[in-house]
Amino acid sequence: MTVAISGEGMRRYLSRTAVLLASGHDTLLVEYTSTPGYFQRGRGRARGRGRGRGAHTGGEGAHAHTGGEGAHAHTGGEGAHAHTGGEGAHAHTGGARTRGGPTSGAGHTERPSAVDPVYCGMVGELPVGRPLERPLTQRRPRVLPAARRGHVEVGGSGTSTPNRTPTSRKRNAITSSSSSSRPLRDIEISNALNYGSDEDSEEDGEEEIGLQSTIVPRVVQMFAASEDEGEGGEVDAFISFSWPPTSNDHPPVPNSSGPIPSTSHVPDYSVPPSLPTHTPSSPSCPMSEPGNKFDFKWRGFPQPQTPPELRREPFSQINCGPTVPYASPYDAFTAIWDRDIMEHIAMETNRYAQQLATVMLVDGSLCPSSRITKWKDTDVSELHVYFAIILATGIVVKSRLEEYWNSTLDIFSTPGFTAAMTYDRFMLLSKCLHFQDNDGCDPELMTRAQAKLFKVQPILDHLNNKFQQLYVLGQNVSVDESLTMWKGWLDINQFIRNKAATVGIKTYEVCESQTGYLWRFEVHAGHDTSSDPQEDSPVSGKVPALVLRLLNGLEHKGHTIWMDNFYNSPALARELKVRGFDCVGTLRTNRQFVPIELTNLTKKDMAIGQVNGCTSGDVDLIVYRDKNRVAFVSTYHGLATAMCGDTHKPTVIPDYNVCMGGVDRKDQMLAMYPIERRRNKIWYKKFFRKLLNASVLNAYILHKAHRSISHRNFRQTLVRELLAAHTPPAPTRALPNTWHFPGQYDLLPGTTRNEHQRRSCSVCKKRTSSFCKACNVPLCVFGCFESYHTSQ
C-alpha cells in the first residue's frame with residue numbers, strides 16, 4: 001500500500017529514525033512492505049519500532065498505534081488522526097480540557113503555524129540590550145590590585161633593590177557581540193553604552209515625563225484611541241496589539257534564515273513611537289470574544305524592535321510598601337493578629353476543651369491524672385505568651401520539646417520557658433487549640449474543598465485580608481507554589497520533586513519579588529468541579545482560572561507577573577495583558593496556541609547559543625538553547641541579548657532569574673526558623689504554625705521598611721515584647737508575723753521504746769518526726785526546713 005504524507009505530517013507522526021525527507025521535497029512517497037519493522041523510500045531503509053505495515057504495538061492498518069483502527073488512529077481511536085478514544089479528525093483524549101485551556105467540543109483545531117517565518121539564528125547575531133531588573137545584592141567582580149611602579153623586590157641575597165621596570169598597563173579593547181573580533185568604532189561604543197539612556201535635551205525630558213505619567217493600560221489606549229489622535233509621524237519601530245493582527249498592520253519581516261541586521265547602527269529611541277490607531281470594533285463583533293482575542297498570528301520579530309520600556313505597562317502605584325509605619329515589632333505583629341482574631345481563637349479553644357473533656361468522660365478515658373482535668377479557660381494574654389514560646393522554639397532549636405523545660409542547672413538549661421509557662425499548660429494548650437466550632441460543619445452544604453479546609457478556614461480568611469490591607473505590592477510580582485511538609489496520610493497531599501519538603505500541603509502564593517512579602521495565598525484542596533466554566537474560553541481551565549483568581553484586585557495597575565511553565569500559556573499571557581498586567585516566565589511548548597515551528601524543536605535540533613522566536617504583537621515566544629532547551633513567554637522583552645555571567649543570553653533570562661524567586665525567597669527566610677518542625681498528629685495545627693511563621697516574616701517586612709533591623713533581632717525582640725506585655729506579674733506573699741520553730745511529734749502510745757510519730761516530709765517526701773510549729777507541716781530539720789520557708 002502506498003500513502004502520500006506531507007513533510008510536516010511525517011515529522012509529527014513518525015519517529016526521528018523514520019524521517020527520510022529529502023531537502024526541497026514537499027511530499028514523501030512512503031511504501032509499506034510486509035517486512036516486519038521496515039518501510040522503504042527508494043533505496044533507503046529505516047528500522048521502525050512497530051510490527052506489520054507501519055502499525056505500532058499491535059495495531060491494524062496504516063499508522064495504527066496501540067490497537068487503533070484506521071489511518072493514523074492512536075490508542076483505540078476511530079477515524080483519521082483520532083487519539084485516545086476520540087472521534088473525528090484530530091480528536092484528542094475525547095475532548096477533555098487540558099491545563100492550558102479546554103478543547104472545543106469533541107476535538108480542537110490543529111496547532112497553528114506562523115504566518116511568516118519565525119526567527120532562527122545565533123545569540124551573537126541579536127541586538128545588544130540590557131536587563132530591566134536589578135538584583136538586591138549586586139555581585140562585585142573580584143579585581144586583583146595592580147602592581148605599583150618602582151616597587152621594592154626582595155632578592156635572593158637578602159638585599160632590597162627597587163624594580164626599575166615599569167609595569168605595562170594594556171587597555172582591553174571592547175569587542176562586538178558578533179563573531180568578528182575587531183574593536184568597535186567610537187560611534188558604535190557610544191551607541192552601545194548609551195542604549196536606552198535619556199538625552200540631556202529639555203525636549204526629550206518633557207516627552208519622557210509625559211510618557212511616564214500615563215497610567216492607562218496600552219490595550220485600553222488602543223481601544224479608546226480616536227482617528228484624530230493617530231496623526232503622528234511615521235516611525236521605524238512598530239508594535240500591534242490587535243486580535244487578530246492583519247497583514248497590513250505589520251511591515252515586511254526579513255527572511256528568518258538570514259541574520260538580523262548588524263548592531264553597528266542602533267536606532268535612536270529617545271523619541272517614543274506613537275502607537276498605531278485602531279478604530280473601535282462594532283458592538284456586533286466585540287474584541288473581547290474568544291474567537292478574536294485568542295486568534296494568534298505568529299511572525300518573526302520586526303526590525304528595528306520597539307524597546308521593552310515602551311512596550312511594558314506603566315506602573316501606577318506610587319506609595320509601595322506598608323500602608324502604616326510601625327514603631328516596634330510588637331506593633332507590626334499585633335496589626336496582623338489583632339484582638340478580634342485572638343478572641344475568636346480563645347473562644348473556640350475553650351469550647352473545644354469542654355467538648356474534649358465531655359467526650360473523654362463519656363467513653364471512660366478520663367483519668368484523675370489527665371491534663372484535661374486541670375483545664376482552666378484561656379484568654380488573649382495567655383495565647384500571646386503561647387505564641388511567644390512557639391516563636392522562641394524556632395530561635396533556640398532543640399531536638400526534643402521537653403528539653404526546653406529542663407530544670408537542671410547546666411549549660412543546656414533554658415529557664416525562660418519555665419518562667420513563661422509550665423510544660424503541662426503548654427501541652428494542654430497545644431492539644432486544645434482550635435479555630436472553628438465542630439458543630440457548624442455540614443458537608444452537605446459545602447463543597448469538597450470547603451469541607452477539607454473547614455478546621456482552619458477562619459485563619460485563612462483573616463490572614464488573606466490582613467496581608468492585603470497592610471501592604472501595597474511593587475511592580476514585580478511572582479506566582480508560585482509552596483509546600484508544607486506532611487508525611488502522614490492526607491487527602492490533599494501533593495508531591496513536588498524540586499521543593500525542599502517534596503510532599504505535603506501545597507499553597508499557591510502571590511509574593512513580591514523583591515522582598516518576598518506574602519500578599520495572597522490559596523491552599524490546594526482539590527479543584528472545585530461544582531461550577532461549570534465557559535467551555536469555549538482558553539483561559540477557563542483550572543490553572544488559568546487559579547491565576548486570575550489570585551491576581552484579583554490588581555488589574556490595570558501595571559504589575560508584571562512572573563510565573564514558571566506550570567502556569568504560563570500564550571492565552572493566559574494575552575488575557576493578563578488585556579487586564580493591565582505584563583506576563584513573563586518559562587513556557588511549555590506543548591501549550592495551546594504555540595506555533596508548530598516551536599513545538600517540534602528539540603534539544604538535538606538546536607545548536608548551543610541558537611535562538612528561535614516569534615511574536616504576535618503583544619506576546620513574544622523565545623526558545624533558547626544553552627546546555628538545555630528552555631522556552632520563554634513575555635509581553636514586552638522582545639529579542640535582544642545581555643550579559644548573564646560570562647555569556648550573552650536573551651534579556652528575558654537575567655530578568656527572570658532576578659524576579660521569579662519571590663516565593664522561594666520567602667521559604668528560604670522561613671527555613672532558618674522552623675517553628676513547625678515538631679511532629680504533630682493533626683495536620684491543620686502544623687499548617688497553622690506555618691502560617692504563623694509566615695505572618696512573622698510579613699511583620700518583619702512591614703517593620704523593616706521604616707527601620708533597619710535583621711531578621712533574627714526582629715524575632716528576638718518580638719518574643720521579649722510579647723512576654724513583657726502579656727505575662728502576668730508573679731504573686732507575692734506577705735511575710736507571716738509568727739515565728740517558725742521546729743518541733744517534734746509526740747511519742748507513740750503503748751510503745752516501750754522512745755519512738756515518735758512520723759510523717760512524710762513536704763520537701764523530700766521522707767519519713768520524719770519533726771515539723772514546723774507555725775505552719776504545722778512535717779519537715780526535716782536539716783535541709784528541708786530552711787528551703788521550705790525561703791521558697792515560700
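When I say that two residues touch, I mean contact, that is, heavy atoms within 4.5 Å. Hello everyone, and let me start with Val 472, which touches Gln 317, Asn 319, Cys 320, Gly 321, Thr 323 and Glu 512, leaving aside residues up to four places away in sequence.

A word on what we are looking at. This is a predicted model, in which local features need pLDDT of at least 70 and side-chain atom pairs count only at pLDDT 80 or more, while totals for chains, interfaces and linings use all residues. Residues are numbered from 1 along each chain as its sequence is written, and side-chain values use heavy atoms, with hydrogens and water left out.

Back to Val 472. It is found in strand 9, residues 471-472; helices (H or I, at least four residues) and strands (E, at least two) are DSSP runs, numbered from the N terminus. Between Val 472 and Gly 321 there are 5.0 Å in space, C-alpha to C-alpha, although they are 151 residues apart in sequence.

Rings of Phe, Tyr and Trp (its six-membered ring) pair if their centres lie within 6.5 Å; planes under 30 degrees apart count as stacked, over 60 as edge-to-face and the rest as tilted. How many aromatic pairs does the structure hold? There are 22. In one of them, Phe 467 and Phe 521, the ring centres are 6.4 Å apart and the planes stand at 55°, so this pair is tilted. Phe 467 belongs to helix 13 (residues 457-469) and Phe 521 to strand 13 (residues 518-523), so the pair ties together parts that are 54 residues apart in sequence.

Tyr 471 and Tyr 517 form another aromatic pair, a stacked one, with 4.1 Å centre to centre and 20° between the planes. Tyr 471 lies in strand 9 and Tyr 517 in the loop between strand 12 (503-512) and strand 13, so here the parts tied together are 46 residues apart in sequence. Tyr 471 is buried at 7% relative accessible area, and Tyr 517 counts as buried at 0%.

Now for the helices. Two packed helices are described by the angle between their axes and the distance between the axes. Axes are lines fitted to C-alpha atoms, for helices over the stretch in contact, and angles run from 0 to 180 degrees between N-to-C directions. Helix 9 (380-395) and helix 19 (residues 683-704) pack at about 85°, with their axes 11 Å apart. Angles under 35 degrees count as roughly parallel, over 145 as roughly antiparallel, 65 to 115 as roughly perpendicular and the rest as oblique. Helix 9 and helix 19 are therefore roughly perpendicular. Helix 9 brings Tyr 386, Phe 387, Ile 390 and Leu 391 to the contact, and helix 19 brings Phe 688, Arg 689, Leu 692 and Val 696.

Several of these names come back in one aromatic cluster, whose members include Tyr 386, Phe 387, Phe 688, Tyr 423 and Phe 426.

That leads us to helix 11, residues 423-432. Seven of its 10 residues are buried, so helix 11 is largely enclosed by the rest of the structure. Among the buried ones are Arg 425, Phe 426, Met 427 and Leu 428, and the buried residues of helix 11 pack against helix 8, helix 9 and helix 19. Arg 425 has its charged end over the ring of Trp 375, 4.7 Å from the ring centre; a charge sits over a ring if NZ of Lys or CZ of Arg is within 6 Å of the ring centre and within 35 degrees of the ring normal.

Arg 371 touches Tyr 423, Asp 424, Met 427 and Leu 428, not counting residues up to four places away in sequence. At 36% relative accessibility, Arg 371 counts as partly exposed.

Most residues other than glycine have a negative phi, and most peptide bonds are trans. Gln 303 and Pro 304, however, are joined by a cis peptide bond, with omega about -5°. Thr 502 is not a glycine, yet its phi is positive, about 70°, and Phe 593, also not a glycine, has a positive phi of about 75°.

Methods: Buried means under 20% relative accessible area, exposed over 50%, partly exposed in between (1.4 Å probe, protein chains only).
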